[in-house]
Amino acid sequence: MEARPGRVVPRRRPARQTRRHPLFGEVPLLPGPGASGGAGRAWTYDPDYRPDLPSGAVRGDPRRQLFCCEVPKYFYVDADETCRDCGAGFVFSAREQKHWYETLGFRLDASAVRCLPCRRAFRRARGISRALSDASRALVEAPLHPPAALAYARAAIAHAERFGHAPLDSAIAALRALRRHAPSVVETIYLEGRCAEAAGRPRGAAASYERFLAAAPPRGNAALARDARARLERLVAPAD
Ligand SMILES: [Zn+2]
């Protein structure tokens, strides 16, 4: 069929591709790598789409988010979550989500699984384990370096107090080796007491604290001496 002169045949504009999202509405898609829009063609979510904000929502900036195939967070709303560790309900707030995904660089498929107190406890526990493995590596490299042996013993004690187990005997061995090498480092005696105490050997602990108090020059050891004295009193107090 010939087009009749004088009549403009309107070019059909290709339909704008969108994908419906329960929160963000009809999200426009752009040609490009990323979200698959079907029909064998790759599409990506339009980073400049600005849906209306529901009340309490915080605007997201997709250009600052790390995602592969997830829908970008055009805005954030408070999310109700259940803590993996304690089972309590908690709110993963819109502001906190924005901070996670746009400042800290967490991927969009990451989500808060613990309430704040459990998150803090988890980080502390992870810190204690890492401190012990770091100290253990440092000790292998420099077994008679006083800070390395002292840090290893302190890390083992913290680990034992938090988790109920730690390589306390190898910490004691490291402290004794350091004491033979550098007798003036009297903190080794105090820490040996702490290790024995953490290992459930109160008599050995008390003996170490006594030796420490006898050997420690008062200057520079006041805090440790106070602690050793308090621990000694508790250990020798008759059980009621
Ligand atoms: Zn919790």
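**Reading the helix packing**

Guide: H6 passes H7 in a left-handed crossing. This is a predicted model, where local features need pLDDT of at least 70, side-chain atom pairs count only at pLDDT 80 or more, and totals for chains, interfaces and linings use all residues. Residues are numbered from 1 along each chain as its sequence is written.

Visitor: At what angle do H6 and H7 pack, and how far apart are their axes?

Guide: The angle is about 145 degrees, and the axes are 9 Å apart. Axes are lines fitted to C-alpha atoms, for helices over the stretch in contact, and angles run from 0 to 180 degrees between N-to-C directions.

Visitor: Which residues of H6 and H7 meet?

Guide: From H6, they include Pro 202, Ala 205, Tyr 209 and Phe 212. Their H7 counterparts include Ala 225, Arg 229, Leu 232 and Val 236. Contact requires C-beta atoms, placed from the backbone, within 7 Å.

Visitor: Why is H3 called roughly antiparallel to H4?

Guide: The axes of H3 and H4 cross at roughly 155 degrees and come within 9 Å. Angles over 145 degrees count as roughly antiparallel, under 35 as roughly parallel, 65 to 115 as roughly perpendicular, and the rest as oblique. Therefore H3 is roughly antiparallel to H4. The H3 contact residues include Ala 149, Tyr 152, Ala 153 and Ala 156, while H4 brings Leu 168, Ala 171 and Leu 175, among others. H3 also passes H4 in a left-handed crossing.

Visitor: How do you know that H5 is largely enclosed?

Guide: Twelve of its twelve residues are buried, so the rest of the structure largely encloses H5. Buried means 20 or more other C-beta atoms within 10 Å of a residue's own; exposed means 12 or fewer, and partly exposed is in between. Even Glu 187, Glu 192, Arg 194 and Glu 197 are among the buried residues of H5. The cover includes H3, H4, H6 and H7. Across the protein, buried residues make up 23% of 240.

Visitor: What makes the span of H5 close to the expected one?

Guide: H5 reaches 16 Å from first C-alpha to last, against an expected 16 Å. The expected value is 1.5 Å times one less than the number of residues, and H5 has twelve. Just after H5, Gly 200 takes a positive phi of about 80 degrees.

Visitor: Which residues touch the most other members of the largest nonpolar core?

Guide: They are Ala 149, Tyr 152, Ala 153, Ala 156, Ala 171 and Cys 195, in a core of 32 residues. H2, H3, H4, H5 and H6 each supply at least two residues. H3 gives the largest share, ten. A nonpolar core joins buried Ala, Val, Leu, Ile, Met, Phe, Trp, Tyr and Cys residues through C-beta atoms within 7 Å. Leaving out residues up to four places away in sequence, Cys 195 touches Ala 153, Ala 156, Ile 157, Leu 168, Ala 171 and Ile 172.

Visitor: Is Val 77 buried, exposed or partly exposed?

Guide: Val 77 has 16 other C-beta atoms within 10 Å, so it is partly exposed. Val 77 lies in the loop between S5 and S6. Beyond four places in sequence, Val 77 touches Pro 54, Gly 56, Ala 57 and Ala 94.

Visitor: How many helices and strands are there in the protein?

Guide: Seven of each. They are DSSP runs, helices (H or I) of at least four residues and strands (E) of at least two, numbered from the N terminus.

Notes. Contact = placed C-beta atoms within 7 Å. Left-handed = near helix turned anticlockwise from the far one by under 90°.
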